Amino acid sequence: MGSGNWIVDNLNSALGTWNDKLAEIWTLVSTTPENFKGGAVWTVITGINGALQAIGCALLVLFFVMGIIKTCGSFTEIKKPEMVFKCFVRFVLAQAAVTHGMELMMALFQVAQGMISTIMDTSGLSALTDTALPAGMVTIIEDVSFLDSIPLWAITLLGSLFIWVLSLIMILTVYSRFFKLFMATAIAPIPMASFAGQPSSSIGVAFLKSYAAICLEGCIIVL
């Protein structure tokens, strides 16, 4: 219910929007991709990841052959036992990364989520109460005369606009993080296949670094 004062009602409306968005942000930051929006999006992403595993296995062989050609100077070098063993181990690990890449990525995500929970508990953010106008400020605003309230209206409009824009930017940042998490998980078998060849392994390393950066964005959002 409104207080009857336009300035107070406008500020309360802006703070109400801020409280709602902040509560939604804390919920989303602590939510796993499997539970995001009931898990419907995660089901689609899992299906795409499974379909791309076949392409990843084909690329696995291609990157493996290209790696052998570039790293081995002659056929005699390929016949060395240590070289054969090294190539075999690399191929097996790359195949495991393609077929079980989602488990690896979820393990990284769980580590990041643990860091987020620790930051929230240590800083006391999990126990924050809703922001509201102090009763003393409400009384002062209601006692302001009509002429004196005109510049106060302008300041209130600017403050409310700033709160709405800031809350919108923050919520879009959280949703953007989930979008990037889903996209990275969906296409994971493709860059993971690059680990089969030593020259192309930098692609997989860069992909894992970018995924780790996405996971750690949650810590930055909380801070």
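Reader: In which helix is S160 found, and is S160 buried or exposed?

Author: In this predicted model, S160 is found in helix α7. Its relative accessible area is 0%, and since buried means under 20%, S160 counts as buried.

Reader: Which residues does S160 touch, not counting residues up to four places away in sequence?

Author: Once residues up to four places away in sequence are left out, the contacts of S160 that remain are N10, L11 and A14.

Reader: How many aromatic pairs does the structure hold, and what is the geometry of the one formed by F36 and F182?

Author: The structure holds six aromatic pairs. For F36 and F182 the ring centres lie 5.6 Å apart, with 55 degrees between the planes. Planes under 30 degrees apart would count as stacked and over 60 as edge-to-face, so the pair of F36 and F182 is tilted.

Reader: How many residues apart in sequence are the parts that the pair of F36 and F182 ties together?

Author: F36 lies in the loop between α1 (6-29) and α2 (40-71), whereas F182 belongs to helix α7 (residues 146-186). Both F36 and F182 are buried. The pair therefore ties together parts whose separation in sequence is 146 residues.

Reader: Why is the pair of F178 and F182 tilted, and which aromatic cluster includes F178 and F182?

Author: The ring centres of F178 and F182 are 6.1 Å apart and their planes stand at 35 degrees, so the pair is tilted. Both residues lie in helix α7, four residues apart, which is about one turn of the helix, and both are buried. The one aromatic cluster that includes them is formed by F36, W42, Y175, F178 and F182.

Terms used: Residues numbered from 1 in each chain as written. Predicted model: local features only at pLDDT ≥ 70, side-chain atom pairs only at ≥ 80, totals over all residues. Heavy atoms only, no water. Phe/Tyr/Trp six-rings, centres within 6.5 Å; stacked < 30°, edge-to-face > 60°. Helix = DSSP H or I, 4+ residues; strand = E, 2+ residues; numbered from the N terminus. Buried < 20%, exposed > 50% of the residue type's maximum accessible area, 1.4 Å probe, protein only. Contact = heavy atoms within 4.5 Å.
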